[in-house]
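Hello,

Here is the structure for you to look over. My notes follow below it.

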Amino acid sequence: MRSYVLFAIAIASGLQTEAFSPRQVQHDTRVIVTGSSRGRTQMSREASSEDTAVATEETFDHVVNKRYACTRFRRYQEPRVNNTETLTASVSDPDIVSRAFQCLGLAQRSPSGFNEQPFRIILVSQCEAKQNLASYCIGRNAYRVRDSDCSAVFLADRESGRNGKRYNEMLRASMIFSEENHRVAGGRSRRHMSGKEMRKLRLIINFMSSCYPWPRFIAVPVSFAVRWLVCGVAMLTRFLRSINILKGSRFVLPTLSSAETWATKNTSLAAMTFLLACTSRGLSTCPMEGFDAGGVRKVLNVPRGRYSIPLIVCVGKSHKMSDEADDTGMSHGSMMSPRYPLKDVVFGNAFGEPFSAGNC
């Protein structure tokens with residue numbers, strides 16, 4: 001009996017010793033330290049994320065403020081030749097052309113209505129093509145095309161509805177890829193669109209793009225009639241609201257512009273992204289609209305009737321000169337050009353009302 005008592009005391013002592021052993025205390029301490037380190041890690045990650053956001057903001061601000069319209073470009077392999085001294089196109093720098101092509105890939109990431117991407121871009125870099133393009137540009141715009149390393153000709157697609165089959169294939173491929181990505185990596189997935197939803201989307205895009213696939217002699221007047229009909233109904237609903245007949249109604253119709261206007265809006269977003277992307281890579285740019293669109297369409301074999309040409313962007317290295325001015329005498333350079341005061345451009349809550357952050 002005594003041995004059993006001693007054995008029980010020994011077990012109790014052992015359990016007590018184990019419960020308060022330095023190893024256990026150390027283990028508990030490690031747990032606490034681990035939890036604390038996780039907190040510090042989380043805090044460091046948040047701080048790192050904030051630092052990254054600030055750095056990204058500063059970088060973007062720098063790119064926006066650094067961009068300017070370069071009026072004179074340095075000729076590759078002829079850096080000392082003034083662009084007014086020759087009427088021949090210069091050889092292009094392959095490295096600059098390659099970087100400009102990469103920037104066009106970023107420009108394609110620009111937002112567009114329904115992700116339709118109603119634009120095409122021709123990157124002109126060969127001497128003969130540059131010479132042909134320059135022959136239909138006005139004044140010093142011709143010099144810029146000849147002297148720059150390449151020129152991006154932006155085309156606005158007025159009949160993007162012609163891309164219906166490819167557009168549907170792109171959407172389906174995107175949904176399949178996002179589903180695979182979600183299953184494998186846990187990323188975001190896109191909701192699958194039903195056949196009815198895709199047909200509805202195509203119908204909207206077709207109206208925005210001159211009612212293709214109908215024949216043009218039918219599509220153009222139908223598109224025009226639909227736009228005017230929508231405009232008339234919108235005016236009527238606004239009038240009925242003003243006399244409280246449709247007060248509180250959610251019935252709202254969009255303002256439908258022409259197919260060219262809609263395509264040009266989307267193309268301009270891509271062009272602006274291209275300008276900023278080039279600036280971020282140390283390239284000088286000059287957006288231009290002084291050219292004969294019909295002649296440009298002819299020398300670049302652009303299909304007639306479908307595409308308009310809103311602008312051309314020349315890309316290269318600037319030719320440093322003391323007199324940096326365009327045809328009208330306006331000076332351009334690395335210094336920021338003047339802008340109207342922000343209060344004259346940005347209003348708060350209503351036109352003409354001064355903006356104040358306290359009025360949110």
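Start with a serine: the side chain of Ser112 reaches the backbone nitrogen of Gln117 at 3.1 Å. It also reaches the backbone nitrogen of Glu116, at 3.5 Å. Both are polar contacts (a pair of N or O atoms within 3.5 Å; within protein, one must be able to donate a hydrogen and the other to accept it, and residues adjacent in sequence count only if both atoms are side-chain atoms).

Before going on, the ground rules. This is a predicted model, where local features need pLDDT of at least 70 and side-chain atom pairs count only at pLDDT 80 or more, while totals for chains, interfaces and linings use all residues. Residues are numbered from 1 along each chain as its sequence is written, and side-chain values use heavy atoms, with hydrogens and water left out.

Ser112 sits in the loop between α3 (94-107) and β1 (119-124). Helices (H or I, at least four residues) and strands (E, at least two) are DSSP runs, numbered from the N terminus. Is Ser112 buried or exposed? Ser112 is buried, at a relative accessible area of 16%. Buried means under 20% relative accessible area, exposed over 50%, partly exposed in between (1.4 Å probe, protein chains only). Leaving out residues up to four places away in sequence, Ser112 touches Gln117, Pro118 and Asn266. Contact means heavy atoms within 4.5 Å.

Now the cores. A nonpolar core is a set of buried Ala, Val, Leu, Ile, Met, Phe, Trp, Tyr and Cys residues joined through side-chain atoms within 4.5 Å. The largest one has 22 residues, and Leu133, Val145, Val153, Val296 and Leu300 have the most contacts inside it. α4 (127-134), α5 (140-147), β2 (150-157), β3 (284-288) and β4 (307-316) each supply at least two of its residues. β4 gives the largest share, four residues. Neighbours within four places aside, Leu300 is in contact with Ile122, Val124, Leu133 and Val153. A second, separate core has 20 residues, including Cys150, Phe154, Leu283 and Val315.

Next, α7 (residues 195-208). Its buried residues are Met198, Leu201, Arg202, Ile205, Asn206 and Met208. They fall within an arc of 155 degrees seen down the axis, so they line one face of α7. That arc is taken over the directions from the helix axis to the C-beta atoms. On the other side of α7, Lys196, Arg199 and Lys200 are exposed.

Overall, the protein chain has ten helices and four strands. Of its 360 residues, 32% count as buried.

Best wishes
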